[in-house]
Every structure is written in structure tokens, then in C-alpha cells.
Amino acid sequence: MATGRTHRPATRSRGIPEATVARLPLYLRALTALSERSVPTVSSEELAAAAGVNSAKLRKDFSYLGSYGTRGVGYDVEYLVYQISRELGLTQDWPVVIVGIGNLGAALANYGGFASRGFRVAALIDADPAMAGKPVAGIPVRHTDELEKIIEDNGVSIGVIATPAGAAQQVCDRLVAAGVTSILNFAPTVLTVPDGVDVRKVDLSIELQILAFHEQRKAGEELAANDGALPAAARAAAGHSAEQGPDGDVPAVMPA
């Protein structure tokens with residue numbers, strides 16, 4: 001069976017833009033759902049809607065794959081599943097190690113989507129000696145002292161870091177030194193890696209903060225809209241209830 005160490009995806013050498021590569025998993029997820037429902041073909045509009053992009057962007061992305069569909073028929077679902085899977089390197093086995101088996105690491109270990117998408121969890125690794133040998137998701141946890149040997153024995157090229165922030169860079173350095181060239185980082189810190197190593201960062205707190213920003217903005221827009229709906233006299237009463245200075249400004253300190 002081929003492993004990630006000996007076979008690398010050819011997307012960059014074929015000139016596929018990174019933005020297109022980032023959307024390919026979205027298309028694959030939508031296509032897989034269609035395949036599971038035995039849908040034979042799909043139009044660009046239907047697939048774009050399912051993937052959350054516009055159809056013109058989808059057609060442009062697929063042109064990089066050499067797939068143009070058939071007018072009046074659409075795209076062959078099974079062929080596209082194969083084509084995108086091949087482009088993403090998912091037609092081969094990718095052994096993965098997860099380092100840091102706390103709550104998040106254990107949740108990742110129990111995630112059933114790895115195996116169905118071409119990834120095999122080769123090992124779970126933790127620095128706590130008390131964790132060694134304990135099964136998580138049916139896999140015994142191994143100590144970080146074994147990290148380099150595990151990577152060599154399994155031909156691992158993808159590492160997942162789910163450690164606390166303070167330990168993440170040291171773990172990253174050891175992974176890279178052992179031959180790992182792609183890292184998925186869940187630790188709340190920025191990792192420094194040499195050229196040739198790819199890092200994808202997943203920070204749940206940042207994503208929540210971005211959502212909080214949008215919620216605050218929507219609340220402000222709703223407040224402004226409601227204020228605009230008030231009669232002019234009511235807005236004047238609300239806006240000018242405080243005593244104003246000579247230029248219409250409200251004094252910083254109100255008179256007693």
C-alpha cells in the first residue's frame with residue numbers, strides 16, 4: 001500500500017491555485033453525499049449551491065482539473081469524486097499521528113471521518129506517562145519518547161498537534177526533524193517551521209471571536225434600523241434629551 005512518505009500530491013506542480021485547492025474538499029463532500037444517494041449527474045448550479053460557492057467559480061475550479069461537464073447533462077458524480085480524490089491525494093493511504101491526547105486530542109482520535117477520507121491514525125502520542133498504554137478510540141496511547149520511531153516505522157508525513165500552547169513548538173520541531181512535512185495545528189499558538197513544511201492552523205477561539213464580531217455588528221445595524229424607524233419627534237427627543245453645548249455637543253460633565 002502506498003504511503004504519504006513516498007507519494008506527494010501534484011496540485012502545485014500542475015499550477016492549481018491554492019484557493020481552488022481549498023475548495024476541492026467542499027466539492028468532494030457535496031459529491032460524496034450525492035454519490036451516497038445514487039445521484040448519477042449534477043449541474044454546476046446544484047453542486048455550487050451544495051458546496052456554498054457560485055457556479056462560475058466552480059466551473060473555473062473544475063477547468064483546472066480538465067473537467068468541463070456536458071451541456072444539458074452536467075457532471076458525472078462518480079467520475080468527479082474519483083478525479084477530486086486523486087487530485088487531493090486521497091486515493092492512497094495517509095498515516096497520521098496525533099500528539100496531545102487531552103479532551104481535544106481524544107475527540108479527534110474518535111472522529112470517524114479520517115478513515116473514510118483516506119487518513120489512517122497510525123498513533124496517538126502524549127507526554128503524560130500515566131496515559132501510556134491506555135486505549136483511546138481503540139488505539140493505545142504511546143509516550144512522546146517514541147515519537148521519532150513511530151514516524152519512521154509508519155512512514156508518517158502528516159502530524160496533528162493538539163497539545164497546550166507551551167508545548168506545541170517543541171513538538172512541531174521534533175515532528176519536522178523526524179520527517180513530517182505537513183502539520184495540522186490545533187494549539188492556540190503560531191508555529192515556526194522551515195521551508196517545505198506546510199502548516200494549517202485551526203483555532204476555535206478565533207473563529208468564535210470572529211462570529212462574535214459579526215453578531216455585534218448585526219445588533220448595531222438592527223439598533224440603527226430601529227432608530228431610523230422612529231418618528232422625527234421621537235428621535236429628536238431621544239437625541240437631544242441631554243443639555244447641549246453651544247455647538248450642539250453634549251458636555252463631557254453635565255451641570256449639577
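**Helix packing and sheet**

I began with helix 1 (residues 18-36) and helix 2, which pack at an angle of about 110° with their axes 8 Å apart. Helix 1 is therefore roughly perpendicular to helix 2, a label given to angles of 65 to 115 degrees. Axes here are lines fitted to C-alpha atoms, for helices over the stretch in contact, and angles run from 0 to 180 degrees between N-to-C directions. Helices (H or I, at least four residues) and strands (E, at least two) are DSSP runs, numbered from the N terminus.

This is a predicted model, in which local features need pLDDT of at least 70 and side-chain atom pairs count only at pLDDT 80 or more, while totals for chains, interfaces and linings use all residues. Residues are numbered from 1 along each chain as its sequence is written, and side-chain values use heavy atoms, with hydrogens and water left out.

Which residues of helix 1 and helix 2 meet? I found Leu26, Tyr27, Ala30, Leu31 and Leu34 in helix 1 against Leu47, Ala50 and Ala51 in helix 2, contact meaning heavy atoms within 4.5 Å. By class that is 8 nonpolar, no polar and no charged residues (Ala, Val, Leu, Ile, Met, Phe, Trp, Tyr, Cys and Pro count as nonpolar, Asp, Glu, Lys and Arg as charged, and the others, Gly among them, as polar).

Next I checked helix 2 (residues 44-51) with helix 3 (residues 55-65): their axes come within 8 Å and cross at roughly 100°. Ser44, Glu45, Leu47 and Ala48 of helix 2 make the contact with Ser55, Leu58, Arg59 and Phe62 of helix 3. The class count for this contact is 4 nonpolar, 2 polar and 2 charged residues.

I then looked up aromatic pairs and got 3 in the structure (ring centres of Phe, Tyr and Trp, its six-membered ring, within 6.5 Å; planes under 30 degrees apart are stacked, over 60 edge-to-face, the rest tilted). Tyr27 and Phe62 form an edge-to-face pair, 5.0 Å centre to centre with 75° between the planes. The pair links distant parts of the chain, with Tyr27 in helix 1 and Phe62 in helix 3, 35 residues apart.

Strand 4 (residues 119-126) and strand 6 (residues 139-143) run parallel, joined by 3 bridges.

How values were computed: Angles under 35 degrees count as roughly parallel, over 145 as roughly antiparallel, 65 to 115 as roughly perpendicular and the rest as oblique. Two strands pair if DSSP finds at least two bridges between them.
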